[in-house]
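Have a look at the fold before reading on.

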Amino acid sequence: MIEVTFVTNNNKTVTAPEHSNLLRVSLREQGGIPFKCGGGLCGTCKCKIEKGLENTDAIKAKERKHLTDAQFKDGYRMACQTFLNGNVSVSWEPRNPANLKSRPDSNLATS
Ligand code: FES
């Protein structure tokens, strides 16, 4: 088993079998990585492998449509295209302006 830490989700850490797909682990364990298509098309699942980049598999052609060489060097991957062979920590830019707009009070009222 390997460990996946979702840094942007309060460092939530889960276990998964080796060779798991990163987005699938996130979905199964409610890790929180944003996604839309699940098929390498939309670019929504862009994330940064903070630790364990060496435990990810080869970069896919689909990822090259959304990320630059410099971003790959910095650890960026598309979660739906990335398979894991060891422990990783992953972060992403929280997004969803649409949700925020439809919930204008979302930053208030939690005490
Ligand atoms: S979810 Fe669309 S590219 Fe990964």
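This is a predicted model: local features need pLDDT of at least 70, side-chain atom pairs count only at pLDDT 80 or more; totals for chains, interfaces and linings use all residues.

Residue numbers start from 1 along each chain as its sequence is written.

The protein has four helices and seven strands; these are DSSP runs numbered from the N terminus, with helices being H or I of at least four residues and strands being E of at least two.

Five strands form an open sheet with mixed pairing, in the order 2-1-7-4-5; two strands pair if DSSP finds at least two bridges between them. Strand 2 (12–16) and strand 5 (76–78) are the edges, and each has a single partner strand, so one side of each is left without a neighbour in the sheet. From one strand to the next, the twist averages 35 degrees; angles run from 0 to 180 degrees between N-to-C directions, using axes that are lines fitted to C-alpha atoms, for helices over the stretch in contact.

Zoom in on strand 1 (residues 2–6): five bridges tie it to strand 2, and the two run antiparallel. For I2, the bridge partner in strand 2 is A16.

Helix 1 (residues 22–29) packs on this sheet, touching strand 1, strand 2 and strand 7 (88–91). Its direction makes about 115 degrees with that of strand 2. Contact here means that the C-beta atoms of two residues, placed from the backbone, lie within 7 Å.
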